[in-house]
Amino acid sequence: MDIEQKQAEHIEFFVKQASALKGSALTSVIVEATSHPSLFAFSEILSVPSVLELEGTENSVYLDLLRLFAHGTWSDYKSIAGRLPQLVSAQALKLKQLTVLTLADTSKVLPYDQLMQELDVTNVRELEDFLINECMYVGIVRGKLDQLKRCFEVQFAAGRDLRPGQLGNMLQTLTDWLTTSDNLLVSIQEKIKWADTMSESDRKHRKEVEERVDEVKKSLSLKKLQTVSRPTLTSEGMRRSTLNLVE
């Protein structure tokens, strides 16, 4: 079962749970969701009406916690940790995994120094173990660890929830890409038409040359035939012709 299918099943489960609860009863669902080892998307849970109703209540910090896991990073958490519930170890691990996804979305070559700083990792061995065991083995990223260049080369990274305002930018990017693709298609079609025109011209030229060659061959054959069929005088005939002229 691939990671996308797992995500869909876990999301559906937690959305159903959240939809059936209200108020303080939702806090345990949010903690469970943000601790789940195979769940990395939270926007659907965030959109559940009962979850949104936590805004402005004594449990609003759990709504903020869910928003952090949907869009934030480990660095973001450290900057507001005093205003959020304390993370359990599974949540801390999850948030660091999500941080790798965010970094991989911005660059396909991640320097070890940047990763160690963002993840609060103190040495290369610990970092590589984390990337292998907690990221690549889990299936959220694929890539190559380059110890010589001290970087992680990203080949694939699972997507995170869209941040507020990000959808508009993504739509604009897709629109620009579509326009570029349309222009490229028109250019290709024009080149195909030009190639077809040149091909037809070449065929006509080849036919004309072949016809001329055939004409030359026929002409040469006719001349050769005329030469062969023309009567020739033998030595005796030439002698008699000469005597007749003398007489």
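The legends below describe close-up views of aromatic and charged side chains in a predicted model. Residues are numbered from 1 along each chain as its sequence is written, and side-chain values use heavy atoms, without hydrogens or water. Because the model is predicted, local features need pLDDT of at least 70 and side-chain atom pairs pLDDT 80 or more, while totals for chains, interfaces and linings use all residues.

**View 1. Phenylalanine 13 and phenylalanine 14 form an edge-to-face aromatic pair.** Rings of Phe, Tyr and Trp (its six-membered ring) pair if their centres lie within 6.5 Å, with planes under 30 degrees apart called stacked, over 60 edge-to-face and the rest tilted; three pairs are counted by this rule. Here the centres are 5.1 Å apart, with 80 degrees between the planes. Phenylalanine 13 is partly exposed at 41% relative accessible area, whereas phenylalanine 14 is buried at 1% (buried is under 20%, exposed over 50%, partly exposed in between; 1.4 Å probe, protein chains only).

**View 2. Tryptophan 74 and tyrosine 77 form a tilted pair.** Their ring centres are 5.4 Å apart, with 35 degrees between the planes, and both residues are buried. The charged end of lysine 96 sits over the ring of tryptophan 74, 4.9 Å from its centre (NZ of Lys or CZ of Arg within 6 Å of the ring centre and within 35 degrees of the ring normal).

**View 3. Lysine 94 lies over the face of phenylalanine 40.** The distance from the ring centre is 5.0 Å.
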